[in-house]
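Hi everyone, thanks for coming. Could you all bring the sequence and the model up on your screens before we start?

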Amino acid sequence: FRSPALKMDVGYKIADGRFSLRSAALIIKDNKLLACKNANYDCFYTLGGGINLNEASTDAVLRELREETGYEFEIDRLVFIQERYFSLKDCRQHEVVFFYLMKNVDVNIDNGTKTNQQSEHLHWLPIDELDITNLVPAFLKTALKKHT
């Protein structure tokens, strides 16, 4: 059962924390990872977002990519599932993320291209320089070198 009218992220917030279920894209071209950067945060992060109720994680990542880049992508394969705990703006976060490697597509996205989110821009990060880049989640700094 999928209801196109119902668009609500799977997750919840309580007084001392938040849980979210997300899908993220690993887009690699010319040995560079396409990442987001918001002017309000000091780190880079992967494209993607919350999975809606009754939405497959694969559908969510493709929808998010359309919204954030304007391009249609294809999934190559699921490469990582990560559960992580962190704090953001003094709120404890519990997050489960499906990371999908995307197939190479002909995209023409320049560094600094704006996404559909306020103060958010896209950047191509050289994979061989990720160890000195503030990328979250941090495991991607080494994991991408092994699995791509």
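This is a predicted model: local features need pLDDT of at least 70, side-chain atom pairs count only at pLDDT 80 or more; totals for chains, interfaces and linings use all residues.

Residues are numbered from 1 along each chain as its sequence is written, and side-chain values use heavy atoms, with hydrogens and water left out.

How do you find a hole like that? Rolling a probe the size of a water molecule over the atoms shows where empty space is left. Here, on a 1 Å grid over the protein atoms alone, a cavity is a set of points where a 1.4 Å probe fits but cannot get out, and lining residues have an atom within 4 Å of a point. Grid points are joined across faces, edges and corners, and the volume is the space filled by probe spheres set on the points.

The largest cavity comes out at about 50 Å³. Which residues line the largest cavity? They are Ile27, Ile28, Lys29, Phe73, Met102, Lys103, Asn104, Val105 and Val107. That lining divides into 6 nonpolar, 1 polar and 2 charged residues. For the sorting, Ala, Val, Leu, Ile, Met, Phe, Trp, Tyr, Cys and Pro count as nonpolar, Asp, Glu, Lys and Arg as charged, and the others, Gly among them, as polar.

On to the rings. Rings of Phe, Tyr and Trp (its six-membered ring) pair if their centres lie within 6.5 Å; planes under 30 degrees apart are stacked, over 60 edge-to-face, and the rest tilted. By this rule the count is 5 aromatic pairs. Take Phe99 and Phe139: their ring centres are 5.6 Å apart and their planes at 80 degrees, so this is an edge-to-face pair. The two come from distant parts of the chain, 40 residues apart, with Phe99 in strand 7 (residues 91-102) and Phe139 in the loop between strand 9 (135-136) and helix 2 (140-147). When I say helix or strand, I mean DSSP runs numbered from the N terminus: helices are H or I with at least four residues, strands are E with at least two.

Buried or exposed, what about Phe99? Phe99 is buried, at a relative accessible area of 1%, whereas Phe139 is partly exposed at 26%. The cut-offs are under 20% relative accessible area for buried, over 50% for exposed, and partly exposed in between (1.4 Å probe, protein chains only). Ring pairs also bring in Phe80, making a cluster of Phe80, Phe99 and Phe139.

One more ring to look at: the charged end of Arg84 sits over the ring of Phe86, 3.9 Å from its centre. That label needs NZ of Lys or CZ of Arg within 6 Å of the ring centre and within 35 degrees of the ring normal.

Now the charges. The structure holds 9 salt bridges, each being a side-chain nitrogen of Lys or Arg within 4 Å of a carboxyl oxygen of Asp or Glu. Asp16 bridges to Arg92, with the closest N and O atoms 3.5 Å apart. These two are 76 residues apart: Asp16 is in the loop between strand 1 (11-14) and strand 2 (17-26), and Arg92 is in strand 7. Asp16 is partly exposed at 43%, and Arg92 is exposed at 53%.

Compare that with Glu64 and Arg63, whose closest N and O atoms are 3.1 Å apart. Glu64 is buried at 10%, and Arg63 is buried at 13%. Then there's Arg66 with Glu72, at 3.5 Å between the closest N and O atoms. Shared partners also join Glu55, Arg63, Glu64 and Glu67 into one salt-bridge network.

Most residues other than glycine have a negative phi, and most peptide bonds are trans. Here, the bond from Val136 to Pro137 is cis, with omega near -5 degrees, and Pro137 lies in the loop between strand 9 and helix 2. Asn54 has a positive phi of about 65 degrees although it is not a glycine; look for Asn54 in the loop between strand 5 (44-50) and helix 1 (57-69). Ser119 also isn't a glycine, and has a positive phi of about 65 degrees. Ser119 is in the loop between strand 7 and strand 8 (120-126), and is partly exposed at 24%.

Methods. On a 1 Å grid over the protein atoms alone, a cavity is a set of points where a 1.4 Å probe fits but cannot get out, and a pocket is an open set with protein on both sides within 12 Å along at least five of seven lines; lining residues have an atom within 4 Å of a point.
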